[in-house]
Amino acid sequence: MTTHGGFEPVFCTVVPPHVLDKLARNDDPALSGPAQRTLMRDSELRGRRRVTAEFALAAAPTAKAPSDQPLRTIYDAEHKTNLPGTMVRGEGADPGQDATVNRAYAGLGATFELFLKAYTRHSIDGDGLPLDATVHYDENYNNAFWNGEQMVFGDGDGEIFLDFTIPIDVIGHELTHGVTQYTANLTYYGQPGALNESMSDVFGALIKQYTLGQTAAEADWLIGAGLLAPSVSGKALRSMKEPGSAYDDDVLGKDPQPATMDDYVRTGRDNGGVHINSGIPNHAFYLAATALGGHAWEKAGQIWYDVLTGGELGDRALFTDFAGLTVKAARERFGDGGEELQAVSKAWEQVGVRIL
């Protein structure tokens with residue numbers, strides 16, 4: 001399933017622990033209660049994921065779809081926590097009355113289509129893996145996650161976070177953790193963990209742009225736009241264009257993401273700052289993509305995909321390792337004299353990552 005040290009799926013959420021931790025300390029129980037509950041649930045799920053991976057307790061393989069067609073199943077947890085829940089929509093079924101179910105179904109399909117059409121990848125594992133998702137998970141659950149086997153979406157608390165199926169890039173972000181799981185399997189700590197998060201932001205953004213038919217210049221380069229409630233002073237969870245500018249709110253605090261290595265954050269929290277320092281490779285991708293123009297999935301996205309799936313990216317890769325491989329991939333795919341090589345090299349230089 002992976003060429004880098006074995007199959008080690010991790011539990012990955014879209015809302016960083018530091019955001020929930022800030023909320024959990026709020027004096028208003030309407031804000032702190034759902035955040036505390038979400039943190040406890042995430043901790044429990046993270047531990048369960050480790051046990052499942054260590055003792056090979058994963059679910060039995062299921063039937064796969066034809067390689068060029070998705071096989072989607074949406075389940076409803078009915079605000080409980082048993083997974084996957086009650087099946088509410090299967091592949092090919094007409095939309096129902098539940099907008100959350102319909103958005104999850106469409107988001108899985110959009111992710112499948114981007115990877116297939118742009119990179120000839122057949123589902124998350126490259127071999128037609130069925131795409132399962134559960135909606136309406138738990139009560140006031142402020143997150144969405146990939147648990148190594150399926151997608152799960154909370155409805156949010158309505159005070160800070162809205163329904164987690166609203167931003168299609170959140171769906172794409174979490175499913176891309178599955179792609180990384182089946183390819184480079186980047187260790188979820190420190191710089192390799194930040195690269196893991198960044199790959200999900202990159203392809204989450206590309207899935208949104210592909211769905212909207214946007215060029216790099218037209219895109220907003222926000223991750224999670226539409227997720228924050230109207231009362232929050234912010235526009236998204238993260239900004240690839242301007243890391244550190246996504247939100248600045250009395251309750252949430254200020255977006256801590258750095259854009260360059262000058263502001264790299266050294267911390268033991270959040271698995272060594274995986275959701276924070278991912279701003280640096282995120283910004284490098286934005287710079288490369290906008291310098292090249294056109295549709296970002298065609299050139300910059302292709303280079304990043306080549307590195308993720310090419311077999312040379314080690315599971316403990318640092319930013320410098322990844323940067324060097326993107327330069328190599330740009331050269332191999334587009335040639336020495338192309339604008340692609342120049343754009344990628346300059347992007348890493350601008351964010352302060354040395355290319356070895």
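Helix axes here are lines fitted to C-alpha atoms over the stretch in contact, and angles run from 0 to 180 degrees between N-to-C directions. By that rule, helix 8 and helix 9 pack at an angle of about 115°, with their axes 9 Å apart. The model is predicted: local features need pLDDT of at least 70, side-chain atom pairs count only at pLDDT 80 or more, and totals for chains, interfaces and linings use all residues. Residues are numbered from 1 along each chain as its sequence is written, and side-chain values use heavy atoms, leaving out hydrogens and water.

**Helix 8**

- Helices (H or I, at least four residues) and strands (E, at least two) are DSSP runs, numbered from the N terminus.
- Helix 8 (residues 300-309) is largely enclosed by the rest of the structure, because 9 of its 10 residues are buried; buried means under 20% relative accessible area with a 1.4 Å probe, protein chains only.
- Among the buried residues are Gln 302, Trp 304 and Asp 306.
- The buried residues of helix 8 pack against several helices, including helix 5 (190-212), helix 7 (279-292) and helix 10 (339-350).
- After helix 8 comes Gly 311, which has a positive phi, near 90°.

**Helix 8 against helix 9**

- Residues of helix 8, including Ile 303 and Val 307, meet residues of helix 9, including Leu 325 and Ala 329; contact means heavy atoms within 4.5 Å.

**Nonpolar cores**

- A nonpolar core is a set of buried Ala, Val, Leu, Ile, Met, Phe, Trp, Tyr and Cys residues joined through side-chain atoms within 4.5 Å.
- The largest such core has 93 residues, and Trp 304 and Trp 348 are among those with the most contacts inside it.
- Helix 3 (residues 99-119) supplies the largest share of this core, 10 residues.
- Domain 1 (17-182) and domain 2 (190-351) each give this core at least three residues; the domain bounds come from an automatic or database domain assignment.
- Apart from neighbours within four places in sequence, the contacts of Trp 304 include Phe 203, Phe 285, Phe 322 and Trp 348.
- A second, separate core has 7 residues, among them Tyr 137 and Phe 145.

**UniProt record**

- An unreviewed UniProt entry lists residues 73-181 as "domain: Peptidase M4"; its positions are given in the numbering used here, feature names are shortened, and annotations may be inferred rather than shown by experiment.
- The span 73-181 is 32% helix and 18% strand, with end C-alpha atoms 21 Å apart.
- The unreviewed entry also lists residues 184-353 as "domain: Peptidase M4 C-terminal".
- Residues 184-353 are 46% helix and 5% strand, and their end C-alpha atoms lie 20 Å apart.

Key. Buried < 20%, exposed > 50% of the residue type's maximum accessible area, 1.4 Å probe, protein only.
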